[in-house]
Amino acid sequence: MSVGRKIFIVLSSFIIGFSTVFVLLTYIVIRDSMDVMLQTSREEELDQLQDRLVGYYVKNGHTFRTVQDQAWLADSPRSADRQESILLVSGEQTALLHEGEAVEQLIKRLGVKRTLHVEGEAVAELYYYDTDVANLTKLRIGTPTSIIILLGGGTILFVLLSLGAAYWISRRLTAPLRKLVPAIERLGQGEYGIQAPVTSEDEYGRVAVAFNGMSSKLEQSEMVRRNLVADVAHELRTPLTIVRGKLDLLQQNRQPIEPELLLPIQDELIRLTRLVGDLHQLSLAEAKQLPLVRIPTDMLVLLSQIRERLEPEAEAKNLALRLTSATERTSVPVDPSRITQVFLNLFVNAIRYTPHGGLVHVSLLEESPSGMLRIDIRDTGPGIEEEHLPYLFNRFYRTDEARARHQGGMGLGLAIAKEFIVSHGGTIQAESKPGQGTTFTVRLPYHDSDQELHDLMPP
């Protein structure tokens, strides 16, 4: 059942139920009010007759045997004008007293009734009738009926109008959903990136906006997946082709294989092994399953060791590697092996793209507002075009200037660096302008307390 139909049924049930209760309550209130008015109109006459009949019943030995012989209306001065009649019946509805011109059935139907009690026991039922009482009784019977007819007709008209309004409201409320459903179905059929119309700013509008965002992310994820498959296939095809060509050549020569002839094959196998290993680490990091052995590590010392390791490469290009720190608080809880891999990649990239005689400057700074240690790696290279910056940390992404394999790796280094930093609760970002060099900024969180520092210490 659709949501619109459910809303319509709920509103219809409420309208019909409320209208029915209103009509019934109105009928009951008017009927009871007329009953009270009828009873009180002849209360004095009934009280007098009740006292006389009960007194007669007690004096006559608890019986109404000769009650018909008495003239009960003879002393009523208004009996002739109002044509009064009375009827007394037993519990078995046997007539004990009938006085006046009105017939029994008329007295019962249009008269006022009162039950006579003696010592708490009902002994008879007294009906009092006159022309005024008959008119009031007719009014009591006719008025509620007329009201029911009028209210019923009005209620039917009100219900019909209300049902129309309920149908319009249900259609109105579910209109955004009806527009969203086709987009959801198309998304389920694989049409990623489909956008639903946003027609309001309420909850429905926010649902549509969230759906559009999800659809766009799915489209991006699908593009990333396809590109990943294509990139992995491309990266694997080159070394496999080389290995296969070398092996085919060796087989065709049918000569003993010299060890040096196997070196190119070994190099390509090493490259394949490294590619598979990098992809495995990247997948673990993205799945939040990367094992980390976090210990307090002095980043100034770690970066100094990386700089010393890369000094020969920097000297070969006549580059200056500078390391400075503006804070004495340089210790953070990290996995030294993973963080070394991150900064080694950033150092290598900076050296690779910095021209001869350039500068690579690494600086450390404590950011008090964020509670993190900030590490900047600046180079004086050619810089990166602005359109490339959002994609630097994607898998296999290379800028146009770095697509040649002799200038760059497989395009996984920055993607791995980002995931490793994120796994430590930090951030990494790049800023660059063509001709002004590039700056990579890494932020790593400090420990929160001495107890946390103690918990991070190795046993």
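**Figure 1. Crossing of helices H8 and H9 in the predicted model.** Helix H8 spans residues 299-316 and helix H9 spans residues 336-353. Their axes come within 10 Å and cross at roughly 45°. The two helices are therefore oblique to each other, since angles under 35 degrees count as roughly parallel and those from 65 to 115 as roughly perpendicular. The crossing in which H8 passes H9 is right-handed.

**Figure 2. Residues in the contact of H8 with H9.** From H8, the contact takes in Met299, Leu302, Leu303, Ile306, Arg309, Leu310 and Glu313. On the H9 side, these meet Pro336, Ile339, Thr340, Phe343, Leu344, Phe347, Val348 and Ile351. By class, the contact of H8 with H9 holds twelve nonpolar residues, one polar residue and two charged residues.

**Figure 3. Crossing of helices H9 and H10.** Helix H10 covers residues 413-423. The axes of H9 and H10 come within 9 Å, with a crossing angle of roughly 140°. This angle makes H9 oblique to H10, because the roughly antiparallel class is for angles over 145 degrees. H9 passes H10 in a left-handed crossing.

**Figure 4. Residues in the contact of H9 with H10.** H9 contributes Arg338, Ile339, Gln341, Val342, Asn345, Leu346 and Asn349. Their partners in H10 are Gly413, Leu414, Ile416, Ala417, Phe420 and Ile421. Divided by class, the residues of the contact of H9 with H10 are eight nonpolar, four polar and one charged. Ile339 of H9 takes part in the contact with H10 and also in the contact with H8.

**Figure 5. The largest cavity of the predicted model.** The structure holds one cavity of 30 Å³ or more. The volume of the largest cavity is about 70 Å³. Helix H5 (131-188) and helix H6 (203-253) each supply at least two residues of the lining. H5 gives the most to this lining, with four residues.

**Figure 6. Lining residues of the largest cavity.** The lining includes Pro176, Leu177, Lys179 and Leu180, and these positions fall within the 131-188 range of H5. Also in the lining are Ala196, Pro197, Val198 and Thr199. Tyr204, Val207 and Ala208 complete the lining, at positions within the 203-253 range of H6. By class, the lining of the largest cavity comprises nine nonpolar residues, one polar residue and one charged residue. Lys179 counts as charged and Thr199 as polar.

Notes. Residues numbered from 1 in each chain as written. Predicted model: local features only at pLDDT ≥ 70, side-chain atom pairs only at ≥ 80, totals over all residues. Heavy atoms only, no water. Axes fitted to C-alpha atoms, helices over the stretch in contact; angles between N-to-C directions. Left-handed = near helix turned anticlockwise from the far one by under 90°. Contact = heavy atoms within 4.5 Å. 1 Å grid on protein atoms, 1.4 Å probe; cavity = no way out; pocket = protein on both sides within 12 Å on 5 of 7 lines; lining within 4 Å. Points joined across faces, edges and corners; volume = space filled by probe spheres on them.
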